[in-house]
Amino acid sequence: LKTKYFVLNLLSIFWSFFEKLRMSCERGFSLILDFLQERRHPQTIHRHFFIDEVWILTMLKIYPEYPGPSLLRYISPLERNELFSVTESYGFSSGEHVIFERDTESILYLIEKGRVEVIIHSEDSNKQINTLGEGEIIGEISFLTGKLRTADVLTLEESTIRFFEPERLQSLFKENPLLAAHFFYGLSRILSYRFTDTIQKLSEK
């Protein structure tokens with residue numbers, strides 16, 4: 001029963017995310033489409049289908065190749081500088097809490113160096129459900145939904161973690177909707193992979 005509840009909750013979060021993504025990127029894709037039209041690409045572009053538009057952009061290789069974190073893969077160097085100007089990196093010692101279960105803050109975290117473990121608590125035990133390392137994100141569910149944290153996250157070694165605070169990002173994304181489109185596309189790819197991986201693990205049990 002607990003597994004079924006987890007899957008349903010995950011599906012709900014996933015659906016909520018894509019709805020927010022569609023709304024936040026509407027202006028950004030208008031700019032992208034204007035960019036494509038100026039270069040006279042003959043592809044048929046449907047304004048209301050996010051995946052079709054991103055697929056076209058990827059095939060045309062407008063997005064630069066980037067070997068760093070997946071979250072930043074579709075963001076240009078100039079956009080990364082803008083994004084980093086409103087975020088901060090902090091150092092953590094081994095064994096420090098990054099996230100406390102049931103905390104109310106909704107920051108998204110990017111692991112720039114080190115490793116962390118994700119722990120959930122039950123009445124009689126604590127269980128490590130995942131370990132994450134350099135280039136991966138944590139805290140994405142609360143970042144997107146505003147709901148309480150669902151697990152503890154602790155560092156396994158000395159780590160450097162970048163904080164993406166929703167309030168500061170919101171101001172930046174209003175000024176630069178194209179950056180918002182690139183950022184949330186990278187985030188959606190990460191969530192898609194995690195969702196697929198979770199379903200596969202559940203099916204093997």
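Q: How are helix 6 and helix 7 oriented to each other?
A: In this predicted model, local features need pLDDT of at least 70, side-chain atom pairs count only at pLDDT 80 or more, and totals for chains, interfaces and linings use all residues. Residues are numbered from 1 along each chain as its sequence is written, and side-chain values use heavy atoms, with hydrogens and water left out. The axes of helix 6 (residues 166–175) and helix 7 (residues 177–204) come within 5 Å and cross at roughly 120°. Angles under 35 degrees count as roughly parallel, over 145 as roughly antiparallel, 65 to 115 as roughly perpendicular and the rest as oblique, so helix 6 and helix 7 are oblique.

Q: Which residues of helix 7 make the contact with helix 6?
A: Contact means heavy atoms within 4.5 Å. From helix 6, the contributors are Leu169, Leu172, Phe173, Lys174 and Glu175. Those from helix 7 are Pro177, Leu179, Ala180, Phe183 and Phe184.

Q: In what order do the 4 strands of the open sheet stand?
A: Strands are DSSP runs (E, at least two residues), whereas helices are runs of H or I with at least four, both numbered from the N terminus. Two strands pair if DSSP finds at least two bridges between them. The pairing in this sheet is antiparallel, and the strand order is 1-8-3-6.

Q: Which residue of strand 6 is the bridge partner of Leu110?
A: Strand 6 (137–138) is an edge strand, pairing on one side only. Strand 3 (residues 108–113) and strand 6 pair in the antiparallel sense over 2 bridges. The bridge partner of Leu110 in strand 6 is Ile137.

Q: Is Ser159 buried or exposed?
A: Ser159 belongs to strand 8 (residues 159–164). Buried means under 20% relative accessible area, exposed over 50%, and partly exposed in between (1.4 Å probe, protein chains only). Since its relative accessibility is 3%, Ser159 counts as buried.

Q: Which backbone oxygen does the side chain of Thr145 reach at 2.8 Å?
A: Thr145 lies in helix 5 (residues 140–145), and at 21% relative accessibility it counts as partly exposed. A polar contact is a pair of N or O atoms within 3.5 Å; within protein, one must be able to donate a hydrogen and the other to accept it, and residues adjacent in sequence count only if both atoms are side-chain atoms. A polar atom of the Thr145 side chain lies 3.2 Å from the backbone nitrogen of Lys147. The backbone oxygen that the Thr145 side chain reaches at 2.8 Å is that of Ile141.

Conventions
Axes are lines fitted to C-alpha atoms, for helices over the stretch in contact, and angles run from 0 to 180 degrees between N-to-C directions.
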